[in-house]
Amino acid sequence: VTLHIILLCLANVLMLAVGVGLLPLLRLAETPREVLVRLPLAYAVGIAAVGVAAANLALVDVSVGRVGLTLLAAGALTLGLPRLGWGRPVALLPRPPWRLVPAFAILLVSSAYLANAARLFAVKPLVENDGWALWGMRARALYEFGHPVAPVFTESWYPGLQYPLFLPELEAIDFRFLGAFDGTTVHLQELGLAVAFVGAAWTLLRRHAESALLAACLLAIVAAPMFFRQLQANQADVPVAMLLALGVAALAAWLRSGDRGLLPAATLFLAAGALTKNEGELFVVAAFAAAFAVANRAQRRPLAYALLTTFACVAPWHVWLLAHGVTATNFSLSHLLHPHYLTSHWFRVVSAQHQLFAHIQLASNTSRLSLVAAVGFAGAVALGGFRLTAFAAGWLVLSFAGLLCIYWAASPQPLQPDLNHSADRTIDTLLVGGVLLVPVLIGATQRARDA
Amino acid sequence: VPRRTYGLLDLHDTIAALGRYFFLPAVEVRSLDRATVVFSFDADPRVLGRRFVGQLRWGSSYLSRLSYP
């Protein structure tokens, strides 16, 4: 354990403190005991909130470091802790603990995967191409300058200009804590995201899903070869998949139950996902479109507020891009408005669809996560959960169609190298999100039967 | 950096990407008039026709200072 690892852990403890303060504010916990039980969720909420805040503050030349993060934590705790019901009686456990034994056993296996990955992540250098040339460079530039500067974030010879700042800012916060750029220790922040994902999914969705099934789905995601292989490359695809999956699953649980706290949590994770990668914005729009389609009348107004909040979190980045004259260098969505372009480039859709499906079904990469999702969706339909399954399937179909549109609009960039380079990663969100939706869909049908 | 194949990559683009990452907080500019330092990999900086105030050499690579910021 090095000093850098200790300092990175300290930064993450402060992110956890931000989350602890936010749990009561987002109505995710009402008593101190609930906060304690939901600490893993607090960690994920803290990471998402700090990342969103830091990504937007960077646009106005405010960098979040040792002082900034401490102030954020103190502010969140000061606002949140007084809202907790300190004198309320402790609620009893809703079910006998022995029923959780299988789930805890499966979670223990997931924890073993995460602990084993920590041994690699702590010593692995930054060697994968996008990991250092794009994400590492942007994080390093944010650490060196404190905010997005020209030409690194504005000129076409620098890569990934359109990508938002959530992940680079999160890593830049770590570097500010370390007092130096460290391309090795930074991998532990990616692992922290994975730990937060598993812990948050468990604590957030446990009330809305069968515990063992939820734990099994989390294990299936963590054990898929693509998960740690891509995560240790310091690329943003698995982080965006985890954030979007949490957001979409929370949204599905809210559509079913209407429980307080689920919609704010979904909004936060969806906003964080949209600020991680441009594809994230596409997946978020698809999630809200599918949610509006199945929402009842009373749910549409809060859903609209959630959409507006997400938009407000993402809009500053696009205003900044416009203000600095940064345009997409590798695709133009305006192509999709020209019928002649669309007909003459139809072959791109066909090829992209073939290759995306091939990667979705590639067992050596995804470990048949698509099969888990398909069986889960079919099971939910068989059990009568039509509405939520329509939401989940609608989100997946819209997201997949959106990906095809991006590959369609990316001309004159050659299609095949683009697909070869990205198709195995752009599908991450569909797979992780699809699998995490399964326990929520099945849980909803069980609860409907119990009722 | 000369433009030629480098394995499956382009040598110029590869060295440029490495430079953008490793030389931070120095940033890449496209106009020689705005540059304070020129890094030459496997190329002679004299072809630029500029006077340098300082120069370091490693094998066929040069780090040439044009001016101080």
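These notebook entries record what I looked up in a predicted model.

**Entry 1: salt bridges overall**

I began with the charged side chains. Side chains of opposite charge can pair when their charged atoms come close. Over all chains, I found that the structure holds 16 salt bridges.

**Entry 2: Arg425(A) and Asp130(A)**

I looked up the salt bridge between Arg425(A) and Asp130(A), where the closest N and O atoms are 3.6 Å apart. Arg425(A) belongs to helix 20 (residues 415–426) of chain A and Asp130(A) to helix 6 (residues 129–145) of chain A, so this pair ties together parts that are 295 residues apart in sequence. Are these two residues buried or exposed? I noted that both Arg425(A) and Asp130(A) are buried.

I also asked which residues are linked with them in a network of salt bridges. The network consists of Asp130(A), Asp237(A), Lys277(A), Glu279(A) and Arg425(A).

**Entry 3: Glu144(A) and Arg140(A)**

Next I turned to a salt bridge joining the side chains of Glu144(A) and Arg140(A), at 3.8 Å from N to O. Both residues lie in helix 6 of chain A, and they are four residues apart, which is about one turn of the helix. I compared their accessibility with the cut-offs: buried means under 20% relative accessible area, and partly exposed lies between that and the exposed class, over 50%. Arg140(A) has a relative accessible area of 12% and is therefore buried. Glu144(A), at 30% relative accessibility, counts as partly exposed.

**Entry 4: Arg4(B) and Asp42(B)**

Arg4(B) is in the segment before strand 1 (5–6) of chain B, and Asp42(B) is in the loop between strand 3 (37–41) and strand 4 (54–58) of chain B, so the pair ties together parts that are 38 residues apart in sequence. Arg4(B) is partly exposed because its relative accessibility is 41%. Asp42(B), with a relative accessible area of 32%, is partly exposed.

**Entry 5: two packed helices**

I then looked at helix 11 (residues 237–257) and helix 12 (residues 262–274) of chain A, which pack at an angle of about 155° with their axes 8 Å apart. The angle makes helix 11 of chain A roughly antiparallel to helix 12 of chain A, because angles over 145 degrees count as such. I recorded the crossing of these two helices as left-handed.

**Entry 6: a nonpolar surface patch**

Finally, I noted that Val1(A), Leu3(A) and Ile6(A) make a nonpolar surface patch of about 360 Å². Leu3(A) is placed in helix 1 (residues 3–25) of chain A. Leu3(A) counts as exposed because its relative accessibility is 58%.

Methods: Residues are numbered from 1 along each chain as its sequence is written. Chains are lettered from A and ligands numbered from 1 in the order in which they are written. This is a predicted model: local features need pLDDT of at least 70, side-chain atom pairs count only at pLDDT 80 or more; totals for chains, interfaces and linings use all residues. Side-chain values use heavy atoms; hydrogens and water are left out. Patches are made of residues with over 30% relative accessible area and no salt bridge: like charges are joined within 9 Å, nonpolar side chains (Val, Leu, Ile, Met, Phe, Trp, Tyr) within 5 Å. Accessible areas come from the Shrake-Rupley method with a 1.4 Å probe; for residues, only the protein chains shown count as cover. A salt bridge is a side-chain nitrogen of Lys or Arg within 4 Å of a carboxyl oxygen of Asp or Glu. Buried means under 20% relative accessible area, exposed over 50%, partly exposed in between (1.4 Å probe, protein chains only). Axes are lines fitted to C-alpha atoms, for helices over the stretch in contact, and angles run from 0 to 180 degrees between N-to-C directions. Angles under 35 degrees count as roughly parallel, over 145 as roughly antiparallel, 65 to 115 as roughly perpendicular and the rest as oblique. A crossing is left-handed if the near helix is turned anticlockwise from the far one by less than a right angle, and right-handed if clockwise.
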